[in-house]
Amino acid sequence: MASANITIGVDRTPPPLQFVLLSLQYAFLLSMYLVLVVIVVHAAKADADTARSVVSMAMVASAAGTVLQALHRGPVGSGFFAPPVFSAIYLGPSILAAKAGGLPAVACMTVCAGLFEILIAWFLRHLRIIMQPVISGLIITIIALELGIVGLQQVLDVSGEHTPPFARNVMAGALTFAVCAGFAVWGKGVWRLICSLLGMVTGVAVAFALSLFGDDAMRDIAASPWFAVPSLSYMSLAHWDPSLMPAFMAAGMAAAIRTVGVVTTCQRANEPGWTRPDFVSIRKGILADGLGCALGGMVGAPGMNIGPSLVGVSIATGVTSRSIAYGTAVVMVILAFMPKVADIFLQLPLSVAGGLLLFTSCIMLASGLQLMTVKALDTRMTFVVGLGILFPLVQMVSTSYFTSLPAWLSPVTNSGLALGLLAAIGLLMIFRIATDRQQTILWSQSKDAVTDLKATLEKNAQAWELTQEVIARGVANVKRRVVELLREGQLMAEPVAILAREQDNSLEIELRYRGTPLFLPSHELNPTSNEEAAMSGGLRDVAVGLFADRVSTTTRGGEVALHLRFDM
C-alpha cells in the first residue's frame, strides 16, 4: 500500500499510454548522465569510434542496472523503481584512472569499486551506526546541494555572462525549469506525470529557436548513423592500479551509503506507516547497485549509482511503479543502437540540462530534509547535521584550498560528499563513545523488575530517542517470553540484573540470572532461505510486536546472560 501522495504504487502498472510516456521520460533523463561517460572517454583520449561504442554500451549497462534494482524476488534488487545513473561520485577517480591507464584502467578499477560495494552489503548489519535515517537524509541533501548548485550555475550561465549567447542561455534554462515546475504543481493526470519530459522538449525547442546548438554539434549529429552495432573490441580489464584503490573504495562506500538513503526514501514513500528502514530490502538494493557499477565498469564507463533525482521525480509525480523500470530499460537498449539519437542527448545545451538538474535537485533536497527529521534532532544530531552540511559547502566555495592539501587526502578532500560523511560519521562515533545510554536494574532487589524496566525506558525515552512501539515490544518480550518462561520452567535459581541500553539506533535489553540457559529463536529471517520464505517474510509485520529482532544467550560460570535487540 502506497502513501497518500502516490497515485500508482510500486506494485501497480500504469495504463499503456502513461507507461510508454513515463518510460520515454526516464530513458531521456538517464541519457543526460551520459555526459559523465563522455568526459571520462575524452580523458582517456579514446578515438571517435571507441567513444561512440563506449557511450552506446553504457546505455546497455544502464538498462541492466535499472532492471537489477527493480527485482523484488531473489537475493538481488530492492524491488523499487530506482534507476542507476553514471554518478559524479565516481567521476574524479575515473578521470584519474583514465589518465593513468586509459579505458582498461577505468574498467578494472570501477569493477573493483562495484565488488567493494557488494562486500559492504553483506556486512550491512554491522554498519548500522552509519545507516541511520539522519545520515541517509544527509547524503541526499548534500547531493541535492551539489546538483542544485551545478544546475543553477548552468541556468544562469555563470561562466558566460560576458558572451553573446548569455541572455539566450538564461532564457532557455529558466523556461526549462519553469515548465517542469509548472506541470509538477498545476498539471493534471498524464501531464503532471511527464513534467520532466515536457520541460526537456520545451528547452530543446527554445535552444533550437535561439540558435544555441553550435555548428559543430549539428554537424556531428548529422554525420552520426541512425543504426549501428556497438563494437566490443575496446573492452579490457587488463590494467589494475593499486594506488587508485583508496579512491575507488571511498567512492564505493559513498555509493553504498547513498543507496541506503535512496532505498530508505523509496520505503518511506511507498509505506504509509514507515517508522524504520527495512535492511533486507536495503541490502539487496546495495547488491544490485554494486553489480550495476561493475557492469558499467566492464564497458569502460564510470561507475553507476542509484539515482536519487529520478527517485525524487517518481515520488513527486506520484508514480513509483517498478514496471516502469522494464519499459525504461527497453528504451535504453533501443537508443544504444541509434548513435544519432544518443548524440542529440549528448549535445544538449548545458543551460537546458541545468534547468532539469535544478528541478530534480529541489525535489531531492525536500526528500533529504524530510528524511533527516523523521525523528526529532537532539543536541548531538544538531552538530552531526550542521557540520555534515557545512563541510561540503566550504569545499564547494574553497576548492583551491582542498586541492592544495596532500595528495593522499584527495579521495576525501576532492569530494564534498566524502567530507560531509566523514564529519558526520566521525561525530557520531565520538558521541557514541562519550554518551552513556545504559541503565541497570538490580533484579534481585526488586519485586517487580518488569515494572521498573518499563519505567526506566519511559524515563529515558526522549534522551535515548525510544519510540513507544519499541518500549512496548521490549517490555512485552521480557515479561512474556523471558520472565514467565523462566519461572514456569524453574530455570532461574537466582535473578541478578536487567540492563537496558540504546546502541546503533536499537534498544538492547540484557537479562542476567543464575540457573539454566534459556534459548529463544531469533525473529530475524532470510527472505531467500527457502520456498516458504516469501510468505514467512510477509508475516514479519504481524510478528513484530511479539518477538525481538535478534536474540542470543551466553553463559559464563554459573551466570546466564540473555540478550534481546529491538531495531528502531
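Contact here means heavy atoms within 4.5 Å. Keep that in mind for what follows.

A word on the source. This is a predicted model, with residues numbered from 1 along each chain as its sequence is written. Local features need pLDDT of at least 70, side-chain atom pairs count only at pLDDT 80 or more, totals for chains, interfaces and linings use all residues, and side-chain values use heavy atoms, with hydrogens and water left out.

Let me start with Ser-56. Ser-56 lies in helix α3. Helices are DSSP runs of H or I, at least four residues; strands are runs of E, at least two; both are numbered from the N terminus. Is Ser-56 buried or exposed? Buried, at 5% relative accessibility. The cut-offs: buried is under 20% relative accessible area, exposed is over 50%, partly exposed is in between, with a 1.4 Å probe and protein chains only. What does Ser-56 touch, leaving aside its neighbours within four places in sequence? Pro-230 and Ala-336.

Now the whole chain. The secondary structure comes to 24 helices and 7 strands. There are 568 residues, and 55% of them are buried. Take the contacts between residues at least 6 apart in sequence: 80% join residues at least 24 apart. The accessible surface is about 24400 Å². Carbon and sulfur atoms hold 65% of that surface. These areas come from the Shrake-Rupley method with a 1.4 Å probe; for residues, only the protein chains shown count as cover.

Next, Cys-108. This cysteine sits in helix α4, residues 91-122. Cys-108 is buried, with a relative accessible area of 10%. Leaving aside neighbours within four places in sequence, Cys-108 contacts Leu-237, His-239 and Trp-240. Ala-294 is 186 residues away from Cys-108 along the chain, yet their C-alpha atoms are separated by 8.8 Å.

On to helix α11, residues 279-298. It has 20 residues. From first C-alpha to last, α11 reaches 28 Å, close to the 28 Å expected at 1.5 Å a residue. The expected span is 1.5 Å times one less than the number of residues. The helix is mostly covered: 16 of the 20 residues in α11 are buried. Just after α11, Gly-300 takes a positive phi of about 85°.

Aromatics now. How many aromatic pairs does a search of the whole structure find? It finds 2. Rings of Phe, Tyr and Trp (its six-membered ring) pair if their centres lie within 6.5 Å; planes under 30 degrees apart are stacked, over 60 edge-to-face, the rest tilted. Tyr-26 and Phe-81 have ring centres 4.8 Å apart and planes at 80°, so this pair is edge-to-face. Tyr-26 is in helix α1 (residues 16-32), while Phe-81 is in the loop between α3 (48-70) and β1 (84-86), 55 residues apart. Both Tyr-26 and Phe-81 are buried.

Phe-227 and Phe-337 make a stacked pair, because their centres are 6.2 Å apart and their planes at 15°. Phe-227 is in the loop between α9 (215-223) and α10 (245-270), and Phe-337 in the loop between α13 (323-336) and α14 (339-346), so the pair ties together parts 110 residues apart in sequence. Phe-227 is exposed, at 58% relative accessibility. Phe-337 is partly exposed, at 28%.

Then the salt bridges. A search of the whole structure finds 3. A salt bridge is a side-chain nitrogen of Lys or Arg within 4 Å of a carboxyl oxygen of Asp or Glu. Glu-508 and Arg-565 meet at 3.6 Å, N to O. Glu-508 is in strand β5 (residues 506-515) and Arg-565 in strand β7 (residues 559-567), so the bridge ties together parts 57 residues apart in sequence. Both Glu-508 and Arg-565 are buried.

Arg-514 and Glu-559 form another salt bridge, at 4.0 Å, N to O. This pair also links strand β5, with Arg-514, to strand β7, with Glu-559, 45 residues apart. Arg-514 is partly exposed at 36% relative accessibility. Glu-559 is partly exposed too, at 23%.

Arg-512 and Glu-510 also bridge, at 2.5 Å, N to O. Arg-512 is partly exposed, at 29% relative accessibility. Glu-510 is buried, at 6%.
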